[in-house]
Amino acid sequence: MLKKIILGAASIAVAGSMYTTTPAFAEDTLYIPSLSYRTGAFAGAGIPISNGYADYFAMLNARDGGIGGAKVVVEECETGYKADKGVECYEATKGNGALVYNPYSTGITLQLIPKAPVDEIPILSMGYGLSAAAIGEKFPWVFNYPASYWSQMSSILKYIDSQGGIKGKKIGFIYLDVGYGKEPIPLLDKLAPEMGFEWVGFPVAGKDMQNQAATWLNVRKERPDWMIAWSFGAMTPTAVKEAAKIRFPMDKFVGNWWSGGHADLEQVGAPGKGYLAANFSGIGTDFPALQDVIKHVVDAGNSKANKEDIGKVNYNRGLFNAVIMAEAIRSAQAKTGKKGINGADMRLGLENFVLDEARLKEIGLEGFTAPVVGSCADHEGAGSIFLQQWNGSDWERVSDLIAPMTEVVRPLLEEAADNYVKEQTDWKTQSCG
Amino acid sequence: MFYREAGQYKTSYEADSAKFPIRQDKWFIWFYLAIAFIAIPYFGGQFFLDAIMIPFLVFALAAVGLNILTGYTGQISLGTGAFMGVGAYACYKMTLAFPDVNIIVFIIASGIFSAIIGAFFGLPSLRIKGFYLVVTTLAAQFFLEWAFIRIPWLYNYNPSGAIEVPQREAFGVIVTGASASSEVRYLVVLSVVVIMTWFASNIISGRIGRSWMMIRDMDIAAELMGVRPLYAKLSAFAVSSFYCGVAGALMVFIWQGAAEVEVFDYNRSFQILFMIILGGLGSLLGCFLGAAVIFIFPIIIHNILPPIWAIITPWTMSSSQADLVAAVMIGVLIVTFLIMEPHGLARLWAIMKQKLRVWPFPY
Amino acid sequence: MELFKLIFIEPFEVMAALPDLLLQTLWEGFVSGILYSLIALGFVLIFKASGVFNFAQGIMVVFAALTLVGIHAMGVPPFLALILTLGVMALLALTVVKLVMKPLVNQPDIILFMSTIGITFILIAGGQLIFGGEPKAMITTELGLPTGSSDWEVGGGIVIFQHIDIAAAVIAALLIAGLALFFNKTKTGRALRAVADDHQAALSVGISLEYIWVVVWFAAGVVALTAGILWAAKSDVSFALQVVALKALPVLVLGGFTSIPGAIVGGLIIGIGEKLFDLYWGVPILGGSTESWFAFIIALLFLLYRPEGLFGEKHIERI
């Protein structure tokens with residue numbers, strides 16, 4: 001019996017592997033792998049991101065016939081937010097002529113960073129990954145437009161300062177106790193004496209994301225004036241619910257851009273009213289580009305997203321990620337004069353694209369985000385962020401664009417980049433003249 | 001017929017108790033080693049080496065480690081992931097402190113740290129066993145994971161909290177870091193795994209290994225016959241953790257290149273446990289078979305199921321759905337094997353060998 | 001000396017200075033403890049009746065909550081969805097017993113344990129395949145569970161009691177009372193206890209083992225559903241919840257694998273203990289987030305001195 005099962009399974013496997021051949025890509029297609037996490041504990045953010053990302057390229061294909069006449073092929077590979085699966089996806093797809101990788105997990109990004117210069121495929125880790133990669137001289141192949149975590153934290157602190165001053169205040173910092181959550185700590189340490197605030201950290205173990213009662217008791221004990229959250233996945237709704245429980249004033253509780261998705265707050269609903277979160281991509285569908293996505297992709301039945309999910313925070317973030325890549329591809333095409341570009345051309349594109357107000361308007365995203373301009377030296381673009389507030393059922397943008405404190409962040413980034421490179425021998429750097 | 005041992009006479013005890021008493025087995029093992037050392041690095045592409053063979057070997061080594069503890073000594077452990085982590089962090093700290101030393105020395109030496117920690121968390125096994133031990137090894141798992149995060153010294157105060165593997169050489173060749181070629185890394189892993197498996201097989205068939213198996217089969221009888229449970233169990237924990245530690249160091253240094261704590265979480269422990277269940281408890285061959293199935297099977301499903309699905313049904317299947325299907329199938333496979341063949345793939349292999357031997361007769 | 005002060009003096013000073021915080025901590029610990037107890041209770045039920053250490057109990061909690069929310073999302077009224085979910089749990093119990101437990105009769109315990117890990121994986125991936133991976137909100141108000149909170153002024157501060165937490169305590173107590181009645185007063189319940197005492201003897205007086213197993217797996221499913229609803233009301237329904245469910249293991253060690261009162265007392269000790277430890281010792285000395293391992297280390301120490309647990313049967317296999 002067992003023998004038959006095994007033989008059957010084996011024969012199916014053999015038949016299947018004979019059938020699957022790697023699809024051949026024509027000269028003038030642009031192959032872009034999409035590392036998705038539609039499964040696992042963080043799927044709530046991963047699903048809309050992958051949808052927005054795929055839909056924008058699908059829209060460009062349907063509306064304009066691709067980018068510069070070349071069709072975009074997006075192939076999704078599921079990582080489940082796990083580093084080893086991410087690397088497997090990377091190895092499996094890089095041979096197909098991948099232009100750029102968006103690892104969509106800090107763990108995967110860290111593993112791909114050393115591989116990027118060797119394989120000559122750039123990495124665009126948008127709003128996650130290694131902050132130090134913002135230093136273009138040290139990390140020629142890694143980009144983290146539109147802002148690094150440190151820039152984001154400095155913008156959040158600026159916002160707090162603008163709301164009645166930060167001097168003499170006590171800031172609570174609740175974070176997921178992994179690399180991602182601990183990343184802003186050096187910046188807090190540096191800015192606390194400069195801006196005159198006191199900060200206290202509240203780590204939440206990855207296993208206790210949904211079990212934060214003790215943490216919030218501690219918050220109650222410490223009585224901070226403001227709370228900043230570096231949370232993700234199930235940690236966010238739990239944190240907001242616990243904050244509501246101890247009656248922490250919601251409008252003094254600020255999440256980062258991964259702590260403010262619709263999926264996170266829809267589960268909290270009314271008690272989360274007033275909760276703030278940072279964001280860098282517009283909310284809603286009132287942009288011509290999004291209307292095009294709805295018209296050409298969603299209504300044509302080619303989207304994996306439900307229509308009501310278009311325009312939500314993480315969907316738009318995935319879409320914005322695709323926008324930056326599309327702009328970089330255009331710039332690479334213009335620079336090289338080729339239709340079908342390769343990874344090295346893409347890197348040039350990522351350093352040279354210009355997504356200013358005029359261009360944003362041209363592609364139908366006026367006011368969607370702060371302008372981002374690629375450069376050789378600055379791989380984060382030091383983009384501005386804005387704050388959004390939960391009104392009990394939806395997010396609303398409540399602040400103007402807040403620029404980061406580049407003068408403080410940049411030296412820290414440089415120091416971190418130096419430390420990274422110091423550990424490596426034969427690390428490839430570049431000089432930006 | 002195919003596997004006949006007629007005419008192979010054993011004239012000495014050495015020949016009779018040899019590792020591969022049958023000549024064909026000897027040929028096979030040399031044949032496989034030749035394929036592994038020569039053909040695979042020569043013909044295997046980069047994807048095959050990097051994404052399949054290297055991880056497979058790393059997991060096989062970790063499975064050998066866990067099998068020593070669970071399969072041979074009968075002490076179930078869910079702390080494998082953390083013990084692998086101890087090895088990886090130890091190797092990282094050592095190579096940062098002494099950058100010029102041959103990295104392979106440190107990869108092996110990191111097992112020692114892991115062995116010490118493993119033996120420490122093995123102490124409760126002197127008083128308890130079975131499910132209770134599951135709880136204590138989970139305690140080790142969770143406590144060590146916490147320590148990896150909370151002790152910044154371990155990851156060199158890196159703001160990202162991760163360990164990033166520096167470029168290191170061994171015998172004048174670049175072995176770690178992104179510039180190391182797949183072939184070199186593969187050969188390093190393969191050599192370490194082959195040598196350590198050979199060691200393991202000798203330990204197991206020697207005095208220590210037999211005392212482990214006596215403890216597993218009946219601890220009281222073993223004690224009455226002069227096996228000291230303290231030594232037997234703690235040595236099993238130490239040796240097992242040593243293997244896991246080396247596997248962890250290989251995983252980070254040779255395979256992944258950078259690691260966050262999540263790669264050592266309790267899911268890793270389960271993954272390795274599945275490998276030995278499926279492969280066969282108490283079989284070294286089983287470690288390799290189990291690692292192959294648990295690690296490679298999902299990759300195959302991931303890659304071939306969506307196109308097949310698209311042909312036989314009108315719907316499409318996404319990469320993520322294929323992943324979930326693979327996970328369900330692994331679960332079903334585990335349960336099926338436990339019901340139909342609790343000794344795992346290794347036992348199936350033995351049955352197949354027997355069939356080949358007597359073919360065309362039924363017995 | 002500094003450390004001595006941190007361990008033995010300062011925590012108590014803080015406790016005395018902020019009595020409301022201490023009371024709040026005890027209450028939060030109590031509520032978490034009840035939920036740990038509920039999860040542990042599911043383990044105990046199955047362990048008593050069949051000697052199977054059901055690792056899948058944690059994921060059953062998630063799966064039950066997910067099924068409930070998923071069925072409700074299809075437009076089924078909440079209480080009908082609840083009944084349908086109970087049906088799904090019954091089906092699950094039947095399937096597991098028929099397809100997994102029965103063929104594995106008489107296998108070593110460890111094989112049965114591993115088979116439940118296999119079931120865990122099937123449920124995790126299967127649940128995501130069917131209901132999707134996005135986290136979902138628990139249908140708290142639809143099920144008539146209370147929201148809001150009441151304050152109690154004490155010692156210059158307030159202690160906040162969430163109504164949902166009070167409801168959780170009441171529901172858990174009712175469930176446990178119901179189970180106790182079921183075990184003591186019904187024919188099936190008595191048969192169940194007979195099976196727990198002695199399989200062979202129970203078989204020889206004509207009790208169907210298979211039937212009993214289905215009943216306990218279903219009972220464990222009901223307990224899991226309750227725990228799932230109550231816990232998900234505190235955060236959300238997502239797969240991250242199964243890790244919290246692993247906390248039931250130290251609870252079992254503390255309370256003993258076969259004792260229902262043990263599961264309850266153990267759960268309360270762990271729940272209250274880890275909150276107190278984290279707040280008063282963990283944060284000042286170790287930098288916090290000690291909750292992830294505190295319970296396990298306590299269990300480890302406990303095992304060294306009293307392996308049978310507080311209320312467990314004495315004849316545990318000692319070495």
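User: Before we look at anything, what puts two residues in contact here?

Analyst: Two residues are in contact if their C-beta atoms, placed from the backbone, lie within 7 Å. This is a predicted model, where local features need pLDDT of at least 70 and side-chain atom pairs count only at pLDDT 80 or more, while totals for chains, interfaces and linings use all residues. Residues are numbered from 1 along each chain as its sequence is written, and chains are lettered from A and ligands numbered from 1 in the order in which they are written.

User: New topic: how is chain A divided?

Analyst: Chain A has domain 1 (29-147 + 284-377) and domain 2 (149-279 + 387-408), with bounds that come from an automatic or database domain assignment. The contact between them takes twelve residues from domain 1 of chain A and 21 residues from domain 2 of chain A.

User: How far apart are the C-alpha centres of those domains?

Analyst: The C-alpha centres of domain 1 of chain A and domain 2 of chain A lie 27 Å apart.

User: And how many residues does the contact of chain A with chain C take?

Analyst: That contact takes 33 residues from chain A and 32 residues from chain C.
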